[in-house]
Amino acid sequence: MKFGLPLLILPFIFVYRPELLAIGSLSNIVLTFITTLISILSICISISGYSIKSIGYIKRIFYILSGVLILLPNVYLLFAGLAIFTFLLIHDKGKVKLFT
C-alpha cells in the first residue's frame, strides 16, 4: 500500500507529459520516460524512508519535493528537481557531509 501514491498520480503524468504515450520525437519520448522514472523513484524513496540507507523526515520532504519538481512541465524546475535528487543520493552515499 505504500507505493500507491505514484500509481495515483500516474494518470496526471500522462496529461502533463504526452510523450509517455509515444507522441513526439524519439529523443523527447526517451528523455521524458527517464525523467518520469527518476521522479517516481524519488517519490517512492520518500514514501519508504529508505534510499541507500535509512533517511529522516527532512530528507523525505526533499525527496518528494524533487519528485514533484521533476514532474512539472518546466525545464528549470526539472533541472532543480534533478539537482536536488542527485545531491540527496550523493549525500546518502556518504561522499558529501553537509547535513551533520
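Q: Which orientation do H2 and H4 have to each other?
A: Helices (H or I, at least four residues) and strands (E, at least two) are DSSP runs, numbered from the N terminus. H2 and H4 pack at an angle of about 50 degrees, with 11 Å between their axes; axes are lines fitted to C-alpha atoms, for helices over the stretch in contact, and angles run from 0 to 180 degrees between N-to-C directions. Angles under 35 degrees count as roughly parallel, over 145 as roughly antiparallel, 65 to 115 as roughly perpendicular and the rest as oblique. H2 and H4 are therefore oblique.

Q: What pLDDT do local features need in this predicted model?
A: Residues are numbered from 1 along each chain as its sequence is written, and side-chain values use heavy atoms, without hydrogens and water. The model is predicted: totals for chains, interfaces and linings use all residues, side-chain atom pairs count only at pLDDT 80 or more, and local features need pLDDT of at least 70.

Q: Is the crossing of H2 and H4 left-handed or right-handed?
A: A crossing is left-handed if the near helix is turned anticlockwise from the far one by less than a right angle, and right-handed if clockwise. By that rule, the crossing of H2 and H4 is left-handed.

Q: Which residues of H4 make the contact with H2?
A: Contact means heavy atoms within 4.5 Å. From H2 come Thr35, Ile38, Leu41, Ser42 and Ile45, and from H4 come Leu78, Leu82 and Phe85.

Q: How many residues in the contact of H2 with H4 are nonpolar?
A: Ala, Val, Leu, Ile, Met, Phe, Trp, Tyr, Cys and Pro count as nonpolar, Asp, Glu, Lys and Arg as charged, and the others, Gly among them, as polar. This contact has no charged residues and two polar ones, and its nonpolar residues number six.

Q: Is H1 roughly parallel or roughly antiparallel to H2?
A: H1 covers residues 4-16 and H2 residues 26-48; their axes come within 10 Å and cross at roughly 150 degrees. That makes the orientation of H1 to H2 roughly antiparallel.

Q: Which residues of H2 make the contact with H1?
A: H1 passes H2 in a right-handed crossing. H1 supplies Leu5, Pro6, Ile9, Leu10 and Ile13. By class, the contact has nine nonpolar, one polar and no charged residues. The H2 side is made by Thr36, Ile40, Ile43, Cys44 and Ile47.

Q: How many residues in the contact of H3 with H4 are charged?
A: H3 (residues 57-71) and H4 pack at an angle of about 145 degrees, their axes 7 Å apart, in a left-handed crossing. In H3, Lys59, Phe62, Tyr63, Leu65, Ser66, Leu69 and Ile70 take part, and the H4 side includes Phe85, Leu88, His91 and Asp92. The contact divides into 13 nonpolar and three polar residues, while the charged ones number two.

Q: Which residues form the largest nonpolar core?
A: A nonpolar core is a set of buried Ala, Val, Leu, Ile, Met, Phe, Trp, Tyr and Cys residues joined through side-chain atoms within 4.5 Å. Buried means under 20% relative accessible area, exposed over 50%, partly exposed in between (1.4 Å probe, protein chains only). Tyr63 touches, among others, Ser42, Ser46, Ser51 and Asp92, not counting residues up to four places away in sequence. The largest core has five residues: Ile45, Ile55, Tyr63, Phe85 and Leu88.

Q: Is Phe79 buried or exposed?
A: Phe79 lies in H4, which spans residues 75-93. Because its relative accessibility is 52%, Phe79 counts as exposed.

Q: What is the relative accessible area of Ala22?
A: Ala22 is found in the loop between H1 and H2, and its phi is near 65 degrees, a positive value in a residue other than glycine. Most residues other than glycine have a negative phi. Ala22 is exposed, with a relative accessible area of 56%.

Q: How far apart in space are Lys53 and Leu41, C-alpha to C-alpha?
A: Lys53 is in the loop between H2 and H3. Lys53 is partly exposed, with a relative accessible area of 38%. Lys53 and Leu41 are 12 residues apart in sequence, and their C-alpha to C-alpha distance is 15 Å.
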